[in-house]
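Here is a short briefing to read with the model open beside you. Keep the sequence at hand as you go through the points.

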Amino acid sequence: MDTAASEAVEKAKYAAKTAAGSAAGVAMASNPGLVGIMETAQKAMDTVQMVTDTVSTVMDTIKTAKETAAQVKATIKQAMEAKAAAEEAIEAARALTAPPGKPTPKPGVIRPAREKTVEMVDESDYEFVVKVARRYNYEFFVVAGKPYFRPARAIKPLLITLTSDNGIKSLNIEYDLTTQVGKVEVRATNPTKGTLISSSQKIGTKLSMGSKTNKIVSGAKYVYVDSTLFSKEDADDRANAIADEISYRFGTLELEMIGLPEMMPGRFMSVTSFGDGVSNNFYITSVKHVFDTENGYITRISGKTPAVEFDANAVF
């Protein structure tokens, strides 16, 4: 109950009691037989108490209603912020389809017809954004409720460098040559001329400490046919995106360490001092922060790398 209302209620109660007491005293002094008047005065006091309790209940209800309204307002604000973030990601995805050199219309502005488009057919906004990200070698992910849509692996500086004495509990690194090729070729047909559209991209990352492995893989080629491409520029973008995606399938990292809240996906990290083939730079694709009664606070990290690095800091 508000302070002013509480004071008003207490004053009313005090005035009622004083008046009733005065009336009772006068009545008893002048005529002791007026017992009925005293009973009536007591009933009046009881009524005043009931009114006071009712007012208190009403004031508490008003206070609860105000708090509920504030919570609803905060929830609406969060929903509006999430909607704005999603619209921003969608606008960024659609901006990639605009012809080079032409400005991207602002949100809410009717877009003119464009020469380059990405069709959205029977899919959600999320599925559309993911599709565009893959086509143009972008990445789309969410960290702590905030969506990110940006060129793949755009932030190059290392987030952290870990060694064997940095609280690593378990470490598993694997390399798989079966996913690797030496060249990617994208093909399509010009819909107006009927001519071939093609683009090639070599993958020249280091797959071993020697030279034989690279020679074996260099002869393999991955051919991708895409009927939605309409120009050489489209094919170049697609070939670059596929080549980058394939190269990062080569090495994988699974690491568990003592809890470190600074770890987050979308950044590079380094594992060093473990020797050649293990020590390497990895791009973080997933981070899980876990609390349990047995292990306390731990952080689990997944990552990937396109190449094998020589470890100049090996301790064994």
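Leaving out neighbours within four places in sequence, Met269 is in contact (heavy atoms within 4.5 Å) with Leu158, Ile160, Leu162, Leu253, Leu255, Met263, Asn280, Asn281, Phe282, Ile284 and Ile301. This is a predicted model, where local features need pLDDT of at least 70, side-chain atom pairs count only at pLDDT 80 or more, and totals for chains, interfaces and linings use all residues. Residues are numbered from 1 along each chain as its sequence is written, and side-chain values use heavy atoms, with hydrogens and water left out.

**Cores**

- The largest nonpolar core has 14 residues, and Leu255, Met269 and Ile301 have the most contacts inside it.
- Strands E4 (168-175), E8 (251-258), E9 (268-271) and E10 (280-292) each supply at least two residues of this core.
- Apart from it lies another core of twelve residues, including Ile197, Ile203, Ala239 and Ala243.
- A nonpolar core here is a set of buried (under 20% relative accessible area) Ala, Val, Leu, Ile, Met, Phe, Trp, Tyr and Cys residues joined through side-chain atoms within 4.5 Å.
- Strands (E, at least two residues) and helices (H or I, at least four) are DSSP runs, numbered from the N terminus.

**Exposed residues**

- Met80 is found in helix H2 (residues 35-95), and is exposed (over 50%) with a relative accessible area of 52%.
- Glu262 sits in the loop between strands E8 and E9, and Glu262 is exposed too, at 51% relative accessible area.
- Glu262 and Leu159 are 103 residues apart in sequence, yet 8.7 Å apart in space, C-alpha to C-alpha.

Terms used
Buried means under 20% relative accessible area, exposed over 50%, partly exposed in between (1.4 Å probe, protein chains only).
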